[in-house]
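Reader: I have a model open and want to go through some of its packing. Can we take it piece by piece?
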Amino acid sequence: MAYAFGYSLSPKTERLLTLLLSYRGMTARQLADIFYKTHQISLSQEKSIYNDLAKLKKQGLVKSMRLQQSVSKGSLYYLTPSGYDFTKDLLNVHQGQKATGWMPPDYGVYDVADLSYELYLPPLKQTAHHLMLIDFFIELHASSDELWEVLPHRHNLYAARKYKTEKGEQQYRPDAEILINGELFTVEIDRATESHEQLLQKFRTYKNYLDSHANDSSKDQLAGILFVVESRRRDQGIRRRWHNILSAFFKVLFAYSNKVNLILTTMDQVSDTLHFEQQRTSYKTQIEKLLGDYLPDNQEAYMLSPQSFNDALIACVPISHSKYRLLFCEVAHEFESAIYIKYIQFQKNQLPTYKTKSPLPNRDNLKYVDHLNVIFYAQYKPVIMDSFINYKINPQFEDLLSLLSRNLNFHSFNPVLNMPVNY
């Protein structure tokens with residue numbers, strides 16, 4: 001047991017203080033999950049965290065607030081003013097220090113700013129939302145083996161950004177930001193409490209920020225927006241919620257939807273979703289091989305060169321001596337916006353070229369007959385909305401969308417999921 005600045009602390013309790021500073025506050029169980037980097041916490045481990053918190057409370061470094069039963073069991077623990085100042089000293093945070101706030105620490109060095117105590121405090125009137133955000137961060141730690149690392153992440157105190165508009169200085173503030181393969185994704189914790197109009201306003205804030213940085217070529221360009229909903233939502237209207245969020249996104253951010261991918265996942269599938277996004281490019285390279293399993297034995301697919309890196313893959317399949325079919329091929333999450341935009345680009349840019357003349361060399365006699373859409377997935381079959389008519393989205397978009405859902409097939413990278421089900 002070491003005595004630092006008059007306090008009796010162990011390396012473990014110092015680590016707990018650091019976690020409470022870094023994540024602003026959490027329950028004892030959440031502290032145990034993130035400390036041990038697993039959801040498989042033993043009773044002795046959980047009791048050990050409770051005992052350590054009791055010692056820190058007795059020394060005036062930590063305080064707690066009893067949570068309503070509808071929010072969570074137990075209490076929310078966070079640093080006292082003395083505990084906050086002490087932990088900043090422990091991390092050698094100098095007065096006025098600025099920081100980016102990215103976690104996990106780089107070789108043990110925490111990137112922490114000298115913020116006021118009032119700013120540090122967790123949102124005590126929005127504890128359910130805050131604790132769900134902490135659950136998301138815990139998923140990042142618990143999934144480090146599957147994702148090969150704890151993905152870089154930071155909460156909204158550091159993710160908030162100011163920008164200038166004609167109406168003056170504005171601020172956009174996602175709940176968190178993460179980096180996947182070096183690309184920036186914002187995180188929005190969604191408890192299904194926001195109305196359609198509130199969702200529209202959220203995306204307007206994104207649009208205003210993106211408009212103000214339209215000519216910015218920095219590495220901080222936004223690649224995606226990840227909505228995370230409660231796990232129980234899967235059995236309680238997840239498709240309806242996704243329809244609502246996706247339509248609001250297209251209404252406001254359609255101009256940016258070829259660059260920014262909207263993704264939705266449940267909390268219990270965060271690891272799978274992030275792993276798929278990490279491996280998206282790798283999955284895409286497997287499509288040509290998988291087409292051999294997808295097509296009948298007497299058909300062969302010829303992959304056409306994409307016009308740009310972000311284009312979907314297009315295959316040409318001769319189906320007779322005089323006819324050919326085109327296959328629109330893409331990989332997709334269970335819930336994402338990019339698949340719709342890729343299909344629109346295919347309809348507008350690639351299909352008109354490929355349907356007027358055979359794309360295969362020395363096969364000019366072949367005539368276009370039709371096209372099929374084949375979406376490849378890892379584990380969760382993509383959900384494709386067949387109409388947005390109730391949300392009054394662009395009619396042209398509505399027409400193209402109906403073509404996507406009408407000529408649609410799915411094929412998994414997992415051969416077990418492609419096997420017919422017999423009842």
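Reader: Which residues in α14 meet α15?

Author: Y340, Y343, I344, Q347 and K348 in α14 meet Q396, F397, L400, L401, L403 and L404 in α15, where contact means heavy atoms within 4.5 Å. Helices (H or I, at least four residues) and strands (E, at least two) are DSSP runs, numbered from the N terminus. This is a predicted model, in which local features need pLDDT of at least 70, side-chain atom pairs count only at pLDDT 80 or more, and totals for chains, interfaces and linings use all residues. Residues are numbered from 1 along each chain as its sequence is written, and side-chain values use heavy atoms, with hydrogens and water left out.

Reader: At what angle do α14 and α15 cross?

Author: Roughly 95 degrees, and the axes of α14 (residues 338-356) and α15 (residues 395-406) come within 10 Å. Axes are lines fitted to C-alpha atoms, for helices over the stretch in contact, and angles run from 0 to 180 degrees between N-to-C directions. The two helices are therefore roughly perpendicular; that class covers 65 to 115 degrees, with under 35 roughly parallel, over 145 roughly antiparallel and the rest oblique.

Reader: How do the residues of that contact divide?

Author: Into 8 nonpolar, 2 polar and 1 charged. Ala, Val, Leu, Ile, Met, Phe, Trp, Tyr, Cys and Pro count as nonpolar, Asp, Glu, Lys and Arg as charged, and the others, Gly among them, as polar.

Reader: Switching to H371. Buried or exposed?

Author: H371 counts as buried because its relative accessibility is 9%. Buried means under 20% relative accessible area, exposed over 50%, partly exposed in between (1.4 Å probe, protein chains only). H371 is found in strand β15 (residues 367-377).

Reader: Which side chains make polar contacts with H371?

Author: Y343, at 3.0 Å, and Y368, at 3.3 Å. A polar contact is a pair of N or O atoms within 3.5 Å; within protein, one must be able to donate a hydrogen and the other to accept it, and residues adjacent in sequence count only if both atoms are side-chain atoms. Y343 also takes part in the contact of α14 with α15. Leaving aside neighbours within four places in sequence, the residues in contact with H371 include R325, L326, Q347 and N407.

Reader: L326 is in β14, then. What does L326 stand opposite?

Author: C316. Strand β13 (residues 313-318) and strand β14 (residues 323-331) run antiparallel, joined by 6 bridges; two strands pair if DSSP finds at least two bridges between them. A hairpin of 4 residues connects β13 to β14. C316 is also the bridge partner of Y302, and β12 (residues 302-304) pairs with β13 in the antiparallel sense over 3 bridges.

Reader: How many residues of β13 are buried?

Author: 6 of its 6.
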